[in-house]
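This briefing concerns a single protein model and is arranged by topic. Please keep the sequence and the coordinates in view while reading.

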Amino acid sequence: MKKPSVLLLNIKRQWLLGLGLACWALISLSVLAVFEQQRYGVFDPTGRLQQLQPRAAMPAGNLLVAVIDPHCSCARAARAHLQQLKQQNPGLVLQELTPAQWRQYGTALPATPAVLWYQQQQLRYAGPLAQGPLCASSSDLLLPLLQGKQQLAGVWLNSETVACRCLS
């Protein structure tokens with residue numbers, strides 16, 4: 001049988017180990033939350049998208065302009081998602097621009113990756129590619145529009161969706 005002082009010492013060690021692990025987990029979660037807030041949140045928290053000046057001379061047909069900052073951590077997932085959209089919609093013309101290239105045509109966008117969908121030379125959608133923490137095709141906002149399964153009454157300037165984004 002162990003002495004009471006040895007038992008008490010073991011209980012203190014276990015308690016301190018548990019407290020240390022709990023503190024480590026709390027600190028780790030806090031750091032992760034701060035990191036994620038930089039790349040995940042409301043796409044356009046200041047409402048700048050509502051002042052969007054659409055590009056002039058647009059080709060006829062279906063055009064999807066993707067504005068992607070290559071330094072944004074969401075860029076790789078967005079590009080993969082765009083390729084899936086292109087495969088599912090063979091008539092879709094896809095044009096990728098950097099934010100600097102986009103500014104030559106229109107006003108700056110609030111965040112990237114951003115997509116602008118033009119149908120028959122008319123802007124139909126502007127905003128994030130998908131909702132949620134990733135630009136995943138499982139949370140796609142455009143596919144139902146591109147396939148005609150969802151109709152828009154006018155232009156959808158999607159400012160409020162929570163998405164993977166890098167603010168401009």
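Buried means under 20% relative accessible area, exposed over 50%, and partly exposed in between, with a 1.4 Å probe and protein chains only. The model is predicted, so local features need pLDDT of at least 70 and side-chain atom pairs count only at pLDDT 80 or more, whereas totals for chains, interfaces and linings use all residues. Residues are numbered from 1 along each chain as its sequence is written, and side-chain values use heavy atoms, with hydrogens and water left out.

**Helix α2**

- Helices (H or I, at least four residues) and strands (E, at least two) are DSSP runs, numbered from the N terminus.
- Helix α2 covers residues 75-88, which makes 14 residues, and it reaches 20 Å from its first C-alpha to its last. That is close to the 20 Å expected at 1.5 Å a residue, the expected span being 1.5 Å times one less than the number of residues.
- Ala75, Ala78, His81, Leu82 and Leu85 are the residues reported as buried in α2. They lie on the same side of α2 because they cover an arc of only 125° around the axis, the arc being that of the directions from the helix axis to the C-beta atoms.
- An α-helix has 3.6 residues a turn, so residues three or four places apart point the same way.
- Arg76 and Gln87 are exposed on the other side of α2.
- The cover over the buried residues of α2 includes β2 (62-67), β3 (92-97), β5 (114-119) and α4 (143-146).

**Salt bridge**

- A search of the whole structure finds one salt bridge, defined as a side-chain nitrogen of Lys or Arg within 4 Å of a carboxyl oxygen of Asp or Glu.
- Glu96 and Arg79 form this pair, their closest N and O atoms being 2.9 Å apart. The pair links distant parts of the chain, with Glu96 in strand β3 and Arg79 in helix α2, 17 residues apart.
- Glu96 has a relative accessible area of 39% and is therefore partly exposed; Arg79, at 32%, is partly exposed.

**Buried positions and their contacts**

- Val115 lies in strand β5 and counts as buried because its relative accessibility is 2%.
- Contact means heavy atoms within 4.5 Å. Leaving aside neighbours within four places in sequence, the residues in contact with Val115 include Leu64, Leu82, Tyr125, Pro128 and Leu142.
- Val115 and Tyr125 are ten residues apart in sequence, and their C-alpha atoms are 7.7 Å apart in space.
- Asn158 is found in the loop between β7 (156-157) and β8 (162-164), and at 3% relative accessibility it counts as buried.
- With neighbours within four places in sequence left aside, Asn158 is in contact with residues including Phe43, Leu49, Tyr125 and Leu141.

**Backbone features in loops**

- Thr112 and Pro113 are joined by a cis peptide bond, with omega about -5°. Pro113 is found in the loop between β4 (111-112) and β5.
- Gln120 is not a glycine, yet it has a positive phi of about 50°. It lies in the loop between β5 and β6 (122-127) and counts as exposed at 52% relative accessibility.
- Gln121 has a positive phi of about 70° although it is not a glycine. Its place is in the loop between β5 and β6, and at 46% relative accessibility Gln121 counts as partly exposed.
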